[in-house]
2 protein chains.
Amino acid sequence: MPVLQPVQRQSLSDAVFEQLRGQILRGERRPGSALPAERALCEALGVNRSAVREALRRLEQAGLVVVRQGGTSRVRDFRESASLDLLPSLLLTADGHFDARVVRSILEMRSALGPDAARLAATRGGAACAQRLDAVVEAMRTDAADLAAQQQHATAYWGHLVDGSENVAYRLAFNALHATYDRVRTLLARAMQAEIRDSAPYAAIADAIRCADADRAEALARALLERGASGVLAALARVEGATAQESR
Amino acid sequence: MPVLQPVQRQSLSDAVFEQLRGQILRGERRPGSALPAERALCEALGVNRSAVREALRRLEQAGLVVVRQGGTSRVRDFRESASLDLLPSLLLTADGHFDARVVRSILEMRSALGPDAARLAATRGGAACAQRLDAVVEAMRTDAADLAAQQQHATAYWGHLVDGSENVAYRLAFNALHATYDRVRTLLARAMQAEIRDSAPYAAIADAIRCADADRAEALARALLERGASGVLAALARVEGATAQESR
DNA sequence: CTTGTCAACTGGTCATACCAATCTACTCGC
DNA sequence: GCGAGTAGATTGGTATGACCAGTTGACAAG
């Protein structure tokens with residue numbers, strides 16, 4: 001049965017934004033270099049100045065360009081000025097492949113934050129948090145056969161856990177990581193199945209949080225995340241090997 | 001001698017953006033609630049529609065609102081949709097005081113990421129990274145008397161260290177944390193002096209990185225960051241105590 | 001009660017004009 | 001010759017008004 005996906009609209013300013021962002025991220029527009037004048041961009045892109053200006057505002061908000069009245073807009077170095085919300089657009093390279101460095105970065109970050117979030121949730125989250133987690137674990141058990149559903153549940157689980165840590169910064173970072181993950185989750189389902197398929201570790205962490213056992217929660221979370229990380233890294237190594245072979 | 005600060009210009013769309021963002025972050029506009037129509041906002045704010053639209057684009061980019069053609073724009077729950085770049089605007093409450101929860105969150109995050117970044121830098125950064133760090137340490141020794149300069153150097157130090165970790169996600173998170181810190185750095189100078197004043201730990205970490213001693217780099221970084229964290233937490237407790245006393 | 005239609009919203013795009021800051025090149029005075 | 005000052009060109013910022021394109025909801029027809 002064909003699955004109908006909702007079509008995603010794209011306004012002109014969206015298109016302009018994505019085009020310029022892509023050029024900046026691919027290095028085609030170097031940091032410090034001047035952007036064409038707004039009126040020149042309008043003409044080159046065949047759109048109205050409003051569309052260009054709205055796109056520039058978004059680029060500015062994302063920390064990719066700096067705009068000064070009277071002067072010319074300039075490209076910023078996104079490695080110095082952008083925030084985590086740039087991660088989704090860095091994940092895939094121009095030719096549609098994963099950027100291995102970005103994947104590794106994400107795995108490392110969740111390995112650093114996840115266990116600490118679990119520790120804090122055990123310290124602060126209390127029974128209320130554990131109860132929400134248990135509900136998700138129950139759902140995982142119900143949909144044990146459906147890998148995609150397990151993925152959704154695992155994400156929801158971590159969302160509740162991070163909420164239980166009562167750490168805004170962790171929550172915002174989680175949002176960025178989640179947005180990145182979400183865009184490729186079907187591609188990663190198999191590689192991460194060792195982390196996703198088994199609901200027992202999730203139940204164990206929830207129990208540790210209920211018991212306010214911070215050390216146990218942290219250790220369990222670390223072990224759980226390690227499962228997925230090694231799976232993804234192995235898959236990545238296979239792909240890289242295959243690509244190397246191809247290019248011979 | 002009075003220090004002249006460069007005045008920061010604010011375009012109309014900047015003003016509109018900040019006003020709406022403030023209302024959303026303070027909870028005056030609830031998640032899910034409808035925003036006034038663009039034309040209504042124009043009239044209410046006394047600006048033209050372009051200014052409103054550009055501000056809405058920025059809010060959308062920041063994950064604070066969702067805009068659909070034909071429908072009404074709605075406020076999103078920033079706790080679920082915003083990224084780390086929101087941190088600076090969450091740090092200070094409406095009455096200009098620190099939000100203690102946000103401060104704690106930031107301290108926890110840097111305590112989680114900093115040591116791991118040091119570990120990775122020791123694994124990957126190599127002598128090149130250590131050399132850059134040493135240069136900063138040298139500058140710290142030169143400006144040992146100037147606390148503000150020490151702060152700048154410490155920030156630069158961590159920037160190079162994070163670069164040495166070769167982790168994009170860490171770098172982007174660092175940018176967001178840095179932007180947040182930068183906005184209040186003079187206020188925090190005293191509370192963090194135990195971390196900033198002494199250049200020896202920085203030199204030690206650089207040495208561990210040069211030796212590719214990941215465990216040592218991690219442990220030293222953890223200890224260093226702990227200094228500042230406890231200082232800030234103590235200052236925060238004092239302020240909270242004073243505020244509690246005031247409100248009696 | 002369901003279904004189709006239409007009118008009144010909403011945001012999206014466009015064209016044009018003018019204001020304000022900046023940059024550049026030239027001129028003037030030393 | 002060289003620096004300061006000035007005028008014009010260039011850039012982004014704001015304003016107005018019109019029209020296009022989706023969404024919504026009321027309402028009439030079945």
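A: **Background: chain A**

In chain A, 68% of the contacts with a separation of 6 or more are between residues 24 or more positions apart. The model is a predicted one. Chain A contains twelve helices and two strands, and their order from the N terminus is α-α-α-β-β-α-α-α-α-α-α-α-α-α. Its C-alpha trace spans about 60 × 45 × 35 Å along the principal axes. Chain A has 248 residues, of which 49% count as buried. The chain exposes about 12,500 Å², with 51% of that area supplied by carbon and sulfur atoms.

Ala237(A) belongs to helix 12, residues 214–246.

**The part to look at: helix 3 of chain B**

Helix 3 of chain B covers residues 49–61, which makes 13 residues. From the first C-alpha to the last, the helix reaches 18 Å, close to the 18 Å expected at 1.5 Å a residue. At its N-terminal end, helix 3 of chain B is capped by Asn48(B), which has a side-chain oxygen 2.4 Å from the backbone nitrogen of Ser50(B). Just after the helix comes Gly63(B), with a positive phi of about 80 degrees.

Next, the buried residues. In helix 3 of chain B these are Ala51(B), Val52(B), Glu54(B), Ala55(B), Leu56(B), Arg57(B), Arg58(B), Leu59(B) and Gln61(B). An α-helix has 3.6 residues a turn, so residues three or four places apart point the same way. The cover over the buried residues of helix 3 of chain B comes from both chains: it includes helix 1 and helix 3 of chain A, and helix 1, helix 2 and strand 1 of chain B.

Glu54(B) shows this in more detail. This residue sits in helix 3 of chain B. Glu54(B) counts as buried because its relative accessible area is 5%, and the cut-off is 20%. Apart from neighbours within four places in sequence, Glu54(B) is in contact with Arg53(A), Glu54(A), Arg57(A) and Ser13(B). With one of these, Arg57(A), the side chain of Glu54(B) makes a side-chain polar contact of 2.5 Å.

**The helix and the DNA**

Helix 3 of chain B also takes part in the surface near DNA strand C, where it gives the largest share, three residues. In total, 24 residues surround DNA strand C, and the closest are Leu12(A), Arg68(A), Glu38(B), Arg49(B) and Arg53(B). By class, the surface near DNA strand C has ten charged, ten polar and four nonpolar residues. Of the DNA strand C atoms within 4 Å of the protein, 68% are in sugar or phosphate, and the rest are in bases.

The side chain of Arg57(B) has an N or O atom 3.3 Å from a phosphate oxygen of DNA strand C. For Asn48(A), a polar backbone atom is 3.1 Å from a phosphate oxygen of DNA strand C. For Gly70(B), a backbone N or O atom is 3.4 Å from a base oxygen of DNA strand C. Helix 3 of chain A, helix 2 of chain B and helix 3 of chain B are the elements that give two or more residues to the surface near DNA strand C.

Definitions and conventions: Residues are numbered from 1 along each chain as its sequence is written. Chains are lettered from A and ligands numbered from 1 in the order in which they are written. This is a predicted model: local features need pLDDT of at least 70, side-chain atom pairs count only at pLDDT 80 or more; totals for chains, interfaces and linings use all residues. Side-chain values use heavy atoms; hydrogens and water are left out. Helices (H or I, at least four residues) and strands (E, at least two) are DSSP runs, numbered from the N terminus. The expected span of a helix is 1.5 Å times one less than its number of residues. Buried means under 20% relative accessible area, exposed over 50%, partly exposed in between (1.4 Å probe, protein chains only). Contact means heavy atoms within 4.5 Å. A polar contact is a pair of N or O atoms within 3.5 Å; within protein, one must be able to donate a hydrogen and the other to accept it, and residues adjacent in sequence count only if both atoms are side-chain atoms. A residue is near a molecule or strand if one of its heavy atoms lies within 4 Å of it. Ala, Val, Leu, Ile, Met, Phe, Trp, Tyr, Cys and Pro count as nonpolar, Asp, Glu, Lys and Arg as charged, and the others, Gly among them, as polar. Accessible areas come from the Shrake-Rupley method with a 1.4 Å probe; for residues, only the protein chains shown count as cover.
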